[in-house]
Amino acid sequence: DACVLPGRIVGWLMLPLILFVCLTVLAAQVGWNAFLHWQGEVFMLGGGVTVNTLTDLEWYAFAIIVLFGGVYAFRDDQHVSVDFMSGAFSPRTQMTIRLLGDLFLLTPFCCIIVWFGIKFAMTSFASGEGSTYGGLADRWVIKACVPAGFGLLGVAGIARALRTFLRLMSGRLDAANGQPVEEPET
């Protein structure tokens with residue numbers, strides 16, 4: 001459940017995301033560009049808040065919701081799944097395919113994204129990369145969310161593979177719908 005905690009928290013980013021979109025639309029209609037300016041630099045915001053800052057905040061919030069919310073959806077099996085042929089397979093075959101997919105497709109993919117994502121974020125941090133058009137100043141923050149999100153997804157995939165393996169070994173499959181029997185929470 002530790003893997004999905006960020007997903008539960010970032011779900012609340014929908015509210016500021018809606019606010020950012022509404023403020024951006026309002027600013028475009030009224031002709032505003034700058035909302036606030038101050039002396040010095042503030043983490044991520046730089047020297048002020050502009051329409052471009054709000055635009056960056058929109059895609060930052062959306063990216064974070066997708067990255068961490070995706071782990072939450074995966075854990076609860078609410079993600080998009082391509083299983084057009086699985087209905088013809090036995091519950092044991094379905095579980096075996098799920099196990100192999102988690103171990104040999106999902107986990108290596110997540111490892112690759114984490115490996116290159118860390119380098120991607122570190123390069124951004126080291127170079128001080130920021131918006132060139134008056135948006136957010138510290139791009140490394142959102143770039144660091146990519147390996148973090150995929151790292152959590154990889155851990156969730158390994159956990160699901162382990163649960164699937166244990167259910168396969170114990171034979172605890174629900175023959176009615178081909179799904180594993182859920183263990184009661186203690």
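**View A. Helix α5 and the residue that follows.** Helix α5 spans residues 140-170, and its 31 residues reach 45 Å from the first C-alpha to the last, close to the 45 Å expected at 1.5 Å a residue. The expected span is 1.5 Å times one less than the number of residues; helices are DSSP runs (H or I, at least four residues), numbered from the N terminus. Just after α5, Gly171 adopts a positive phi of about 75 degrees. The model is predicted: local features need pLDDT of at least 70 and side-chain atom pairs pLDDT 80 or more, whereas totals for chains, interfaces and linings use all residues. Residues are numbered from 1 along each chain as its sequence is written, and side-chain values use heavy atoms, with hydrogens and water left out.

**View B. The salt bridge between Arg139 and Asp56.** The closest N and O atoms of Arg139 and Asp56 are 3.8 Å apart; a salt bridge requires a side-chain nitrogen of Lys or Arg within 4 Å of a carboxyl oxygen of Asp or Glu. Arg139 lies in the loop between α4 and α5 and Asp56 in helix α3, so the pair ties together parts 83 residues apart in sequence. Both residues are buried (under 20% relative accessible area; exposed is over 50%, partly exposed in between; 1.4 Å probe, protein chains only).

**View C. A network of salt bridges.** Asp77, Arg98, Asp102 and Arg160 are linked in this network. Arg160 and Asp102 meet at 2.7 Å, N to O, joining helix α5 to helix α4 across 58 residues. Both Arg160 and Asp102 are buried. Arg98 and Asp77 pair at 3.6 Å, N to O. Asp77 is partly exposed, at 37% relative accessibility.

Technical notes. Helix = DSSP H or I, 4+ residues; strand = E, 2+ residues; numbered from the N terminus.
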